[in-house]
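Hello,

Here is the structure I promised to pass on.

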Amino acid sequence: GHSKCIRSLAYLKASCNVMSASDDGSIRQRKRDGEPVEKSCDGGGGPVQSIAVHVDDTTVVSGSFDGRLRLWNIQEGSMIGDPWEGHDAPVRCLDWSPDALEIASGSQDGTIRRWNPDTGRQIAPPIKTSHGWVGAIKYSPHGDKFISGGDGAICVWSRDGKLLIEIKGHELAVTSFCWSKDSAHIFSGSYDCTIRKWRAIDGKELVVLRGHTNFVRSLCLTPNERYIVSASTDYSVRIWDLKTNQAVGDPLLHDDEVLAVAMSPDGKCIASAGLDKKICVWSLEAALERHQVGVLCALVFLCPFLIVFVI
């Protein structure tokens, strides 16, 4: 298993296996039942800050502390070509465009760079943002724009890199994004302990979700967009009902700060991970039942053992 904290999670669509990236420099994969998949990706570069999986599950791109991106063959666990060079500081976030023709990366050097995944070369000059470190980046589902977040601001960019609008409202750095499927709304998480919903076309703030007592580090939406799930350095994962704009049930707790959360493609499970070096996979249905009748089941991947908690 991982020997240091886990910073990023991603699900494979076909298998619902979960991939994890860690400060130990590795990317690992586990089946839904917790069984590890033998092929892991280990390629130097120091701590892996972020990963993003290709839409067909064949490759995963990683961003590391050394400022380089690496493309991996998931089945073989091998790096494809050489590392991609361009950033001058750790790569904090990554995303594939919906058509898989480009990858966007954001870095502590304050730039966004866009890459051709077939060549590993940049397809346009770097974008210097107004918000310093780039802590989050996400293409819209329609693929015609992308958003970046950093020190208190959210920037909405056209696909060709033109700034469309700058959204301000968060009091501290923005760390994570989700888009609604129709590309009409943006959800953001921040060091200011809030999750906010914005209208994408003009940046109007629509909802503020409060409840976390420390930084919000990661967000994911359920496939039906009824719930949004957040991970926080307050050691908790929370589920929010977007109809009522209220937290559902008690927080799902880790033993340390939670840095990453991901939703399984079938919408059944939530994976979360962080400084305690373990991946917790929670049943969304059971968590919602707990809210209603007090029952929760959680699977915890505590390497190298699979432990099942019934709380």
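Strands S24 and S25 run antiparallel and are joined by five bridges. Strands here are DSSP runs (E, at least two residues), helices likewise (H or I, at least four), numbered from the N terminus. Trp-240 sits opposite Ala-247 of S25.

This is a predicted model, so to speak of local features needs pLDDT of at least 70, and side-chain atom pairs count only at pLDDT 80 or more, while totals for chains, interfaces and linings use all residues. Numbering starts from 1 along each chain as its sequence is written, and side-chain values use heavy atoms, without hydrogens and water.

The open sheet has four strands, in the order S22-S23-S24-S25, with antiparallel pairing. Pairing takes at least two DSSP bridges between two strands. S22 (216-221) and S25 are the edges; each has a single partner strand, so one side of each lacks a neighbour in the sheet. From one strand to the next, the twist averages 20°.

Beyond four places in sequence, Val-237 contacts (heavy atoms within 4.5 Å) residues including Val-229, Pro-251 and Ser-272.

Confidence: mean chain pLDDT (predictor's confidence per residue, 0 to 100) is 92, and 93% of residues reach 70 or more. Over residues 293-311 the pLDDT is below 50.

Best wishes

Key. Axes fitted to C-alpha atoms, helices over the stretch in contact; angles between N-to-C directions.
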